[in-house]
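This report describes a structure for a reader who is new to the subject. Please keep the sequence and the 3D view open while reading.

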Amino acid sequence: MLRYVASRILLAVPVFLGVATIVFLVVRVIPGDPAVAALGDYASKEAVEALRQRMGLDEPLLVQYTRFLAGLARGDLGRSMITGASVREQIAHALPYTLELTLGAVLVGALLGIPVGVYTAIRRNRLADYLGRVFSLAGLSVPAFYLGILLTLLVALRLGWLPAVGGGDAADAGDRLRHLVLPALTLGLVMTASVARLTRSAMLGVLRQDYVRTARAKGLAEGAVRLRHALGSALIPIVSITGLWAVSLIGDSVTVEVVFARPGLGKMMVGAILQRDYTALQSVMVVYTAFVVGINLVTDLAYAWVDPRVSRG
Amino acid sequence: MRRPIALVVMLLPATALALGPLAGPRAAGAAGILKLAQLSSDLQTLDPHFAATTPDRSVVDMVFNGLIRYKPGDGSVFEPDLATALPTARVADGKQVWTFQLRKGVMCHGSEGVPTYPLTSEDVVYSLQKASDKNRSAYAADYTGMTVDAPDAATVRVTLDHPLSSGLFYPKVANYSGGLIVCKKPAEKLGADGLKTHPAGTGPFMFKSYTPQERVVLVANPAYFRGKPQLDGVEIRYMPDLNSRELGLRNGQLDVINGTPDKAWVDGLKGVANVKVDVFGVGEVATLFFRTTTPPLDKPEVRKALAHALDRQEFLALIGQGIAEPVYSPVPAKFLPGGLGEKEVQARGLDYPHDLVRAKKLLADAGLPQGFSLEVVTSELPGYRVLYESLQAQLAKVGVKVAVKVVDHATMHSLIRKDANPLVIYIAWRPNADVYLTQFFHSDSIVVSGKKPNVNFAHYDRIDGLVERARAETDQAKQVQAWKDAQLKILEDMVAYPIQYQNQVYARSAAVDYGHELVSVLALYPGITEKTRLNR
């Protein structure tokens with residue numbers, strides 16, 4: 001198991017560096033000049049040139065790249081090209097919001113999706129099963145931003161139960177939770193549909209197995225058969241997909257953060273693109289990369305823990 | 001086992017409804033803090049001598065003053081601000097001199113490491129010198145030939161190498177762009193980078209905090225020389241998505257939002273209880289420029305053909321009457337002296353009425369009976385995209401095929417300044433006719449190849465003399481006539497087709513009282529002053 005863990009960690013390093021390099025190059029291909037974006041179209045040519053020099057944009061690409069890597073190694077993510085604010089501080093502020101949104105969405109997806117999947121498998125070919133499958137299909141088909149707007153119109157505007165936009169008061173956990181509910185539901189319901197479908201399939205497959213029949217024959221209660229014997233085995237593919245979904249949800253969080261005007265890495269990234277803030281953009285994308293690599297690593301390790309056969313190769 | 005589960009599932013929604021809201025939405029503007037949501041993902045700079053976007057201008061408008069100001073809500077009227085009176089010019093040693101007496105008791109905001117202190121002429125001189133320095137101001141070109149000095153702590157003297165009319169001088173010292181007065185001590189302490197995110201002026205609201213990509217928080221200045229503001233503070237939220245802003249307003253989380261120039265949106269929101277929509281000037285002018293150095297647009301008859309192929313009413317229908325209005329000259333007559341009204345251009349046959357037959361004949365006379373093809377780029381912003389798409393559809397009727405490529409806004413601005421488009425639609429507001437004509441039509445401003453490249457997309461060079469003569473004219477009536485003459489020449493040569501101006505659209509809670517009528521505001525937002533209040 002230790003060897004497996006070490007190999008996964010070592011593999012993550014070149015992946016991370018490779019993506020960071022691609023990010024560095026891609027942001028510089030985007031048309032538009034950060035200095036002009038910062039100063040506006042009224043600024044003189046001299047002012048724009050002076051700012052370009054201060055931003056280091058007049059230096060050769062290799063010099064800029066070396067400085068970028070050296071900064072990464074030191075944990076220095078630089079300063080915003082537009083406002084001069086520390087990018088690390090901006091990310092430190094935005095990151096918890098993205099993490100809580102993603103975690104909330106994963107919890108919604110898992111805590112709703114698994115029970116729905118189990119129940120529809122148990123009630124196979126009955127009304128509950130049909131309803132569950134329609135719900136899954138609808139959930140997979142509806143775009144997250146559309147769902148978000150619908151939820152907001154109903155829950156926030158019509159019923160007045162929850163706030164419509166924003167991330168809440170950073171110092172008030174209750175207020176942050178209130179502001180988290182709708183965005184997490186929006187992001188998580190799509191995952192719910194997928195998890196429910198997969199859980200249903202996995203459960204149906206497991207419930208047909210001989211050992212399940214044996215467990216029933218031994219006189220165990222049906223609940224124990226389903227939850228202790230069947231569900232445990234059915235969880236293996238669900239763990240995999242939860243990890244994949246967590247990665248996907250981090251990307252989808254961009255849309256939800258913009259629609260709900262929530263602070264977060266996604267909103268920060270969109271803003272950096274629009275403002276041509278190279279420093280902020282490449283730093284945010286590096287952080288996203290670290291997340292994806294990290295989540296994949298955790299998923300692989302969790303998979304090995306659930307199914308020890310994986311780590312034995 | 002099944003029944004309890006089914007029972008819980010059935011009762012859950014009913015239970016939730018019975019319990020009522022988990023938490024009602026917070027009332028916006030608690031304790032008199034007005035929440036304004038702007039169309040932006042973040043600020044760019046709060047240094048007033050660089051601020052150019054509407055969100056940035058709205059913040060600096062609340063934090064800084066000028067020596068004089070545009071009357072709140074009516075940008076056609078000047079009033080004293082930091083100065084006690086509007087100055088009149090006198091001549092000394094062959095130069096034009098404008099002298100300002102400063103009000104007493106104006107306090108500079110305290111900032112990090114610098115306590116609040118009384119404003120003096122030293123601060124004003126510092127600020128105007130900063131505004132005229134091309135390394136410390138984007139508006140330095142507006143202050144060429146100007147020197148500032150302070151005979152005493154309460155007097156500021158501005159000397160011009162070349163005399164100007166009051167119509168051209170006042171905007172330079174008004175509460176807009178380079179005229180906003182930055183207090184010297186906090187500016188020197190903060191430095192150029194600090195000033196971007198920590199503005200310190202003398203205005204009714206003081207900077208408190210900035211959270212990147214989220215908000216700027218201002219608090220009331222209790223020592224404001226016009227009296228303590230009626231609001232406790234203002235929170236400017238950065239929300240680029242219109243739906244988010246609208247939902248926040250309707251939910252009570254926001255008090256004022258930047259809307260969109262779309263009649264359907266405006267009409268929809270007018271029907272919402274406790275929400276008001278304000279449509280006001282200044283209008284940003286949309287003008288179509290023809291690159292006169294590119295065949296076949298180098299032929300005047302071709303340009304005139306395209307002008308006749310276009311229909312201002314069709315462009316207007318995209319936005320909606322009232323939200324947009326037609327214009328007949330590059331300088332909007334509704335808001336600025338020197339603009340040409342419909343009757344004036346009609347009297348000279350320069351209104352180019354929509355006439356497809358005439359357009360086709362002109363093209364045939366130019367040897368292009370089948371039309372021709374062009375490629376352009378447009379911004380993805382609706383304000384630009386719909387105009388380009390309408391242009392494409394209208395010109396297709398006379399055989400002119402315009403291929404339109406959509407790019408993001410910053411890319412469009414970058415590309416058109418590299419002369420990528422043979423046809424350019426540009427939407428802009430400028431504070432006076434001289435700036436419009438200089439930036440868009442003087443030969444120095446020709447994109448890429450001009451002496452001081454700016455936005456002369458037409459590569460036009462035939463009104464330089466008129467523009468310079470108007471600038472030097474101190475008689476207001478003669479100055480206005482010179483501007484009009486310049487624009488008549490532009491229309492005769494048809495290097496630019498004025499399309500429309502688009503008003504500003506903001507929505508607010510019915511509880512918001514701005515404290516002034518809304519006619520025109522140069523900062524492109526309703527204007528929040530010490531008289532603005534929340535009536536809750």
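Predicted model: local features only at pLDDT ≥ 70, side-chain atom pairs only at ≥ 80, totals over all residues.

Residues are numbered from 1 along each chain as its sequence is written, and chains are lettered from A and ligands numbered from 1 in the order in which they are written.

## Chain A

Chain A has 12 helices and 0 strands. Helices (H or I, at least four residues) and strands (E, at least two) are DSSP runs, numbered from the N terminus. The C-alpha atoms of chain A fill a box of roughly 85 × 55 × 35 Å along the principal axes.

Of the 313 residues in chain A, 40% are buried. A residue is buried if 20 or more other C-beta atoms lie within 10 Å of its own, exposed if 12 or fewer, and partly exposed in between, with C-beta atoms placed from the backbone. Two residues are in contact if their C-beta atoms, placed from the backbone, lie within 7 Å. Among contacts in chain A between residues at least 6 apart in sequence, 72% join residues at least 24 apart.

Val195(A) counts as buried because it has 28 C-beta neighbours inside 10 Å. Leaving out residues up to four places away in sequence, Val195(A) touches Gly109(A), Ala110(A), Gly113(A), Ile114(A), Gly117(A), Ile238(A) and Ile241(A). Gly109(A) lies 86 residues from Val195(A) along the chain, yet their C-alpha atoms are separated by 6.8 Å.

## Where the chains meet

The contact takes 47 residues from chain A and 44 residues from chain B. On the side of chain B that touches chain A, the elements giving two or more residues are helix H5 (184-197), helix H6 (242-250) and helix H13 (409-416) of chain B. The residues of that side divide into 18 nonpolar, 17 polar and 9 charged. Here Ala, Val, Leu, Ile, Met, Phe, Trp, Tyr, Cys and Pro count as nonpolar, Asp, Glu, Lys and Arg as charged, and the others, Gly among them, as polar.

One helix pair spans the two chains. The axes of helix H7 (residues 144-158) of chain A and H6(B) come within 11 Å and cross at roughly 10°. Axes are lines fitted to C-alpha atoms, for helices over the stretch in contact, and angles run from 0 to 180 degrees between N-to-C directions. H7(A) and H6(B) are therefore roughly parallel to each other, a term for angles under 35 degrees, while those over 145 count as roughly antiparallel. H7(A) makes the contact with Ile149(A), Thr152(A), Ala156(A) and Leu157(A), and H6(B) with Asn243(B), Leu247(B) and Arg250(B).

## Helices of chain B

Helix H15 (residues 464-472) and helix H16 (residues 476-493) of chain B pack at an angle of about 165°, with their axes 8 Å apart. H15(B) and H16(B) are therefore roughly antiparallel to each other. By class, their contact has 6 nonpolar, 1 polar and 3 charged residues.

Is helix H14 (residues 433-441) of chain B largely enclosed or open? Because 7 of its 9 residues are buried, H14(B) is largely enclosed by the rest of the structure. The buried residues of H14(B) include Tyr436(B), Leu437(B), Phe440(B) and Phe441(B). What covers them includes helix H4 (166-173), H15 and H16 of chain B.

## Strands of chain B

Two strands pair if DSSP finds at least two bridges between them.

| Strand pair | Bridges | One bridge pair |
|---|---|---|
| S4(B) and S5(B) (residues 95-101) | 4 bridges | Val91(B) and Gln96(B) |
| S10(B) (residues 205-211) and S11(B) (residues 215-220) | 6 bridges | Met206(B) and Val219(B) |
| S11(B) and S12(B) (residues 233-238) | 5 bridges | Arg215(B) and Arg237(B) |

The hairpin of S10(B) and S11(B) has 3 residues between the strands, and Gln213(B) takes a positive phi near 60° there.

An open sheet of 4 strands has the order S4-S5-S9-S8 (chain B), with antiparallel pairing. Its edge strands, S4 (89-92) and S8 (146-152) of chain B, each pair on one side only. Neighbouring strands of this sheet are turned by 35° against each other on average, direction ignored.

Definitions and conventions
Parallel < 35°, antiparallel > 145°, perpendicular 65-115°, else oblique.
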